[in-house]
Amino acid sequence: MNKAPDSAAGPRWLTDEEQHVWRAYLHATTLLEDHLDRQLQRDAGMPHVYYGLLVGLAEAPRRRLRMTELAMQAKITRSRLSHAVARLEKNGWVRREDCPADKRGQFAVLTDEGVEVLRRTAPGHVAAVRQALFDRLSPEQQKALGEIMEIVAEGLQPKEAGADLPWLR
């Protein structure tokens with residue numbers, strides 16, 4: 001429904017232009033995520049979210065992060081992370097280690113096999129990202145998109161205690 005607001009007390013419906021932008025965003029992000037997911041499934045047998053976890057670990061000091069930090073970085077629930085890490089462990093790409101400072105905490109650690117999977121998979125993934133997104137945009141559009149996405153992400157990650165964020169669930 002795309003009605004302008006009738007009163008200050010009623011819903012703020014999207015204007016026709018806002019509705020157009022919103023649906024274009026949904027359409028593009030759904031297609032982009034599917035495109036990247038299919039490329040990674042074909043090339044490495046893993047979904048895009050698993051690839052992101054491996055990259056996060058590869059970029060971390062000593063290729064390791066606490067599970068809570070990895071969930072925050074990936075913007076996923078701890079339950080979803082635990083399931084994903086179990087699958088990555090089964091493939092031999094990640095292992096868990098207990099945290100010596102916190103008996104309840106665990107580290108996810110990228111294995112040498114995980115590094116090798118990234119080394120083999122990254123060129124195709126970068127090519128897919130470049131082809132699907134960056135090659136279609138001018139440098140100015142790329143900069144604007146980055147700025148817009150930072151504003152949106154910042155607004156969805158409140159700093160106050162009790163915020164309802166995936167990695168806190």
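I worked from a predicted model, where local features need pLDDT of at least 70, side-chain atom pairs count only at pLDDT 80 or more, and totals for chains, interfaces and linings use all residues. Residues are numbered from 1 along each chain as its sequence is written, and side-chain values use heavy atoms, without hydrogens or water.

**Largest pocket.** I looked up its lining and found 36 residues. Tyr-25, Thr-29, Leu-32, Glu-33 and Met-149 lie nearest the centre. A pocket here is an open set of points on a 1 Å grid over the protein atoms alone, where a 1.4 Å probe fits, with protein on both sides within 12 Å along at least five of seven lines; lining residues have an atom within 4 Å of a point. I sorted the lining by class: 24 nonpolar, eight polar and four charged. I then checked which helices (DSSP runs of H or I, at least four residues) take part. α1 (16–44) is among those that supply at least two residues. α1 gives the most, with 10 residues.

**α3 against α4.** I read an angle of about 105° for this pair, with the axes 9 Å apart. That makes α3 roughly perpendicular to α4 (65 to 115 degrees). Met-67, Thr-68, Leu-70 and Ala-71 in α3 meet Arg-78, Leu-81, Ser-82 and Val-85 in α4. Contact means heavy atoms within 4.5 Å.

**Thr-121.** I placed Thr-121 in α5. Thr-121 counts as buried because its relative accessibility is 2% (buried is under 20%, with a 1.4 Å probe and protein chains only). Beyond its neighbours within four places in sequence, Thr-121 touches Gln-39, Leu-40, Ala-44 and Tyr-51.

Notes:
Nonpolar A, V, L, I, M, F, W, Y, C, P; charged D, E, K, R; others polar. Axes fitted to C-alpha atoms, helices over the stretch in contact; angles between N-to-C directions. Parallel < 35°, antiparallel > 145°, perpendicular 65-115°, else oblique. Buried < 20%, exposed > 50% of the residue type's maximum accessible area, 1.4 Å probe, protein only.
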